[in-house]
Amino acid sequence: MKRDDHDDEEESGPGHATQPSSRVTPDDIRYENLCRAYNYRFIAKPDYFRLVHSPRQAEEAVREAVAAGKRITVRSRGHCGEDFVAAPDVQVILDLSPMSRVDYDRERNAFVIEAGVPVGKMLHTLFHNWGVTVPVGFCMGVGAGGHISGGGYGPLSRLLGLSVDHLYAVEVVVVDQDRNVSTVVATREEDDPNRDLWWAHTGGGGGNFGVITRYWMRSPEVSGTEPAGLLPRPPGALHIAEVSWPWERLTEADFVRLVGNFMDWQMANSAVDSPDADLYALLDCLHRSAGSVTLHAHLPEESPHAHARMDAFLAALDAGVGVGVGVTPSVRRTSLPWLAASQYLAVPETGPAAIGLRCKVKSADLRAPHRPEQLAALHRHLTREDYRGTYAAVEYIAYGGKVNAVPSTATAIPRGALLKTFYMVTWKDPAEDDRHLRWIRELYRDMHEATGGVPVPDAVNTGAYINYADVDLADPEWNTSGVPWQTLYYGENYPRLQEVKAKWDALNIFHHALSITAP
């Protein structure tokens, strides 16, 4: 459906005039700041930025760029591991960060989330105004636009599924094969003629089909019109455990046993109906130079036997670690209200630990534990004495549970994984780029040596996660598997995504280094 009068009112809200869009050129004091987003490896240099405050302004900005024949990209908040927005040939960047409203839309009986809203603000507003939430990640500055379209997962996903499992509708500015620009709302309703566009935004990733301006969120199983009943309610409080194992006391056997214990527990307790699906944990395997391997785990305080179950989980992790050596981990237990706990876990968005970073990320989703040779490779790279980074780590992240209650073809993001792995390295000095990139690339290659350097779907892997974008998967130097990157990210859903691309962006106006292409 196209935008209607109701939508125009909704852009500004009662009694509020929408601010005009801004065209920011190189002579504008704001330009250099806008050139830099989260990842300082990539500095944008477009002809101009267009800061928009409404869907109508977004449509006008796209029409202007298309008429001028300029290459356009879009960003909500700029958290991207690659240069999808800041590529050298980009001439116009559409910045949606001014569109950061979260509200209840009575007509659609759903919560409207503008694409530029940071997920931290989304969590805060939904919870404080209505006592509800959406399962999202804990990088609070990430924009909803890219996060949700890539699938969206976080600490509540084992209990509540993915962000897109609660997506009712998406609004997208699109360009047809005659270069006509329009704004379309696509819903999950079975009789919606635009439903394929909705489906593509349930894991297809951002920057592929058009400009996402707004989402509407409502859980599929709900009924009624009371806002507080349209999305899940989060736990009242979380019981938290933080554990640290000092690297100086960990032998290779201890490390392999610890990571193996973590993976074994996750594989045994991540089914859709698992009674421990409410227990979330992240094992952060930092490089030895950081001093320790750490764990964050939590579960709802009100869950039956919460403290005893946490005891059992921690005991399972530590079983057999440090036998005869006495590796005693540091353990801290506490409880916090849910929103405070979410903010406690949050990745910093300001300060020296967040500003000016250069980074590279990779991922692999698992259905079974890593093999012994993979853990040996991990230990080898994490203990290299010729290397250190600001943050260099592999994270094992709890997954599964309600995520896999949804059939894999029902959304664009594939299902079936029980555990996620996230590889990340950060640094600040451009002169160190090659050293850090080589470290993470060689680590990832060696971890997946048996499958051509990448997580080819097999008995262990299910592929990778598009929101942790990694152009190396499309590089034959690092992907020698013969399996295309599209299969690694989308599995059997890719041909359908190609059909959506051909229908809604036949001219390939919206593209980047890992974008979906028409068949």
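Where is Asp192 found?

What we have here is a predicted model, in which local features need pLDDT of at least 70 and side-chain atom pairs count only at pLDDT 80 or more, while totals for chains, interfaces and linings use all residues. Residues are numbered from 1 along each chain as its sequence is written, and side-chain values use heavy atoms, with hydrogens and water left out.

Now back to the opening question. Asp192 sits in the loop between strand E8 (181-187) and helix H7 (195-200). A word on those labels: helices (H or I, at least four residues) and strands (E, at least two) are DSSP runs, numbered from the N terminus. Is Asp192 buried or exposed? With a relative accessible area of 10%, Asp192 is buried. By buried I mean under 20% relative accessible area; exposed is over 50%, and partly exposed is in between, with a 1.4 Å probe and protein chains only. Not counting residues up to four places away in sequence, Asp192 touches Val185, Ala186 and Thr187. Contact here means heavy atoms within 4.5 Å.

Let's step back to the whole chain. Its secondary structure comes to 14 helices and 17 strands. The radius of gyration is 23 Å, close to the 24 Å that the globule rule gives for 519 residues, so the chain is as compact as a globular protein of that length. That radius is taken over C-alpha atoms, and the rule is 2.2 Å times the number of residues to the power 0.38. Along its principal axes, the C-alpha trace spans about 70 × 50 × 45 Å.

How much of the chain is buried? Buried residues make up 61% of the 519 residues. Of the contacts with a separation of 6 or more, 73% are between residues 24 or more positions apart. The chain exposes about 19700 Å², and carbon and sulfur atoms supply 52% of that area. Accessible areas come from the Shrake-Rupley method with a 1.4 Å probe, and for residues only the protein chains shown count as cover.

Next, a few strands. Strand E3 (residues 72-75) is covered on both faces: Ile72 and Val74 are buried on one side, Thr73 and Arg75 on the other. Which way does E3 pair with strand E4 (residues 92-95), parallel or antiparallel? The two pair in the parallel sense, over four bridges. Two strands count as paired if DSSP finds at least two bridges between them. Arg75 has Asp95 in E4 as its bridge partner.

Strand E6 (residues 110-114) is mostly covered, with five of its five residues buried. E6 runs antiparallel to strand E5 (residues 102-105), joined by four bridges, and Asp103 stands opposite Val112 in E6. E6 is also joined by four bridges to strand E9 (residues 211-217), again running antiparallel. There, Glu114 has Arg214 in E9 as its bridge partner.

E5 and E6 form a hairpin with four residues between them. Most residues other than glycine have a negative phi. Asn109 is buried, with a relative accessible area of 13%.

Arg179 also has a positive phi, of about 70°, although it is not a glycine. Look for Arg179 in the loop between strand E7 (167-175) and E8. At 42% relative accessibility, Arg179 counts as partly exposed.

Two last stops. Ser363 is in strand E14 (residues 358-366), and at a relative accessible area of 3% Ser363 is buried. What does Ser363 contact, leaving aside its neighbours within four places in sequence? Its contacts are Thr421, Tyr423, Tyr444, Pro455, Ala464, Tyr465 and Tyr468. Ser363 and Asn479 are 116 residues apart in sequence and 14 Å apart in space, C-alpha to C-alpha.

Finally, Glu442 has its place in helix H12 (residues 433-447). Leaving aside neighbours within four places in sequence, Glu442 is in contact with His381, Arg384 and Trp478. Glu442 and Ala377 are 65 residues apart in sequence, while their C-alpha atoms are 9.9 Å apart in space.
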